[in-house]
Amino acid sequence: MTDAMPTSDDQHARVVVIGAGQAGLSVAYHLSRLGLRPGDELVVLDRAPSTGGAWQFRWAALRLGAAHRVHDLPGMPAMGLRFDDADRARPARDVVGEYYRRFEQHYDLRVRRPVAVTSVTHAGTGLCVATTTPDGRTGRITAEVVVNASGTWGTPFVPWYPGRDSFRGRQIDTTEYVSAAEFRGQDVVVVGGGTSAIGFLLELDGVARSTRWFTRRPMAWADTASLDVESAVAAVQEQDRAARAGEALPSIVSGTGVPVSRRIRAGLDRGVLHDEPMFAALEPDGVVTTGGEHVHADAVIWATGFRADLRHLAPLRLRTAKGGVVVADGRSEEEPRLFLAGYGPQASTIGANRAGRVIARQVLGALDLAR
């Protein structure tokens, strides 16, 4: 005897937007301003339980600042909302969640959550978006155009190193970090050269018994307290080149360097932020450096970045042998009914808002051609 199949809902929409983080909300805002009705013509799906995109899952101690900045969504200034004016004493996840909730309500975007997209497949002249909810309800939405804005939070990247499976201590990635208190009195190894790794090290200082920081490449510190515009432009251009070539996307931070805020400067001066070359291997009770030193570790935190979460697009067979998807100006070269917002040059807050308007106009053009 088998369980009854969960009920299924079928619907048609002109456009489906997958993901309600910064990129997805930006596109949805512009599409609604261009005349698409949210809720029926324009359907926005989000797998998260609440507003705020990936920010709702970040650790409580994280605050908005120079290293973790969120650009205002289009239309937020008209509401009198600006992240630059937000209370930086509050957890970033609470601020972003509140602002995004007010944004969605003000512009009546009617985001459906929690709804996970399990696959996107071809369906005649359109695309079929298969969905599921936590209670087991499934659905299908056929759409003329799909905008994928699923981000990266669901696919943290943890590289394999010799001995990783034999390490007896605790191993977590960025998405699993809750607070420094979990590591009180422990020897902790932090791996990764981005802002998350830096934040963990600063929070663990004075809580953990010791910390050691290992990075694949030497840290590049910016000379300013905020992101240098010229470096940011260069990093975005490199992301764009990789996306157009269908290559795996490089890290934004690797092209910009990390701004040295007052907090980071204090950490550098105290010696807390001292990066070392990546270790050679893990052992059951620690790691072995390239120089042969054994470093005891009770825990390893892999703050080693993310990959674009495109698993639900696998049926479209878009991934190249180079590890990426060929995307030009936000549009798939292989599947012109699919747009990827927040991918490549739009992957950071630098380009997501600007891309929202560009993609929305292209989507409208694609809908006109489909008529």
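What is the order of the five strands in the open sheet? The order is β6-β13-β7-β8-β9, and the pairing is parallel. The model described here is predicted.

## The chain as a whole

The secondary structure of the chain amounts to eight helices and 16 strands. The chain has 371 residues, and 50% of them are buried. It exposes about 17,400 Å², of which carbon and sulfur atoms supply 50%.

Contacts can also be sorted by how far apart the partners lie in sequence. Taking those in the chain between residues at least 6 apart, 70% join residues at least 24 apart.

## The open sheet

## Strands β8 and β9

Which strand pairs with β8 over three bridges? That partner is β9, and the two run in the parallel sense. Strand β8 spans residues 210-215. Within this part of the sheet, T215 stands opposite P277, a residue of β9.

## A helix on the sheet

Helix α4, made up of residues 195-204, packs on the sheet. Which strands does helix α4 touch? They are β7 (187-191), β8 and β13 (299-302).

Technical notes. Residues numbered from 1 in each chain as written. Predicted model: local features only at pLDDT ≥ 70, side-chain atom pairs only at ≥ 80, totals over all residues. Heavy atoms only, no water. Pairing = 2+ DSSP bridges. Helix = DSSP H or I, 4+ residues; strand = E, 2+ residues; numbered from the N terminus. Contact = heavy atoms within 4.5 Å. Axes fitted to C-alpha atoms, helices over the stretch in contact; angles between N-to-C directions. Buried < 20%, exposed > 50% of the residue type's maximum accessible area, 1.4 Å probe, protein only. Areas by Shrake-Rupley, 256 points an atom, 1.4 Å probe, with all protein chains shown as cover.
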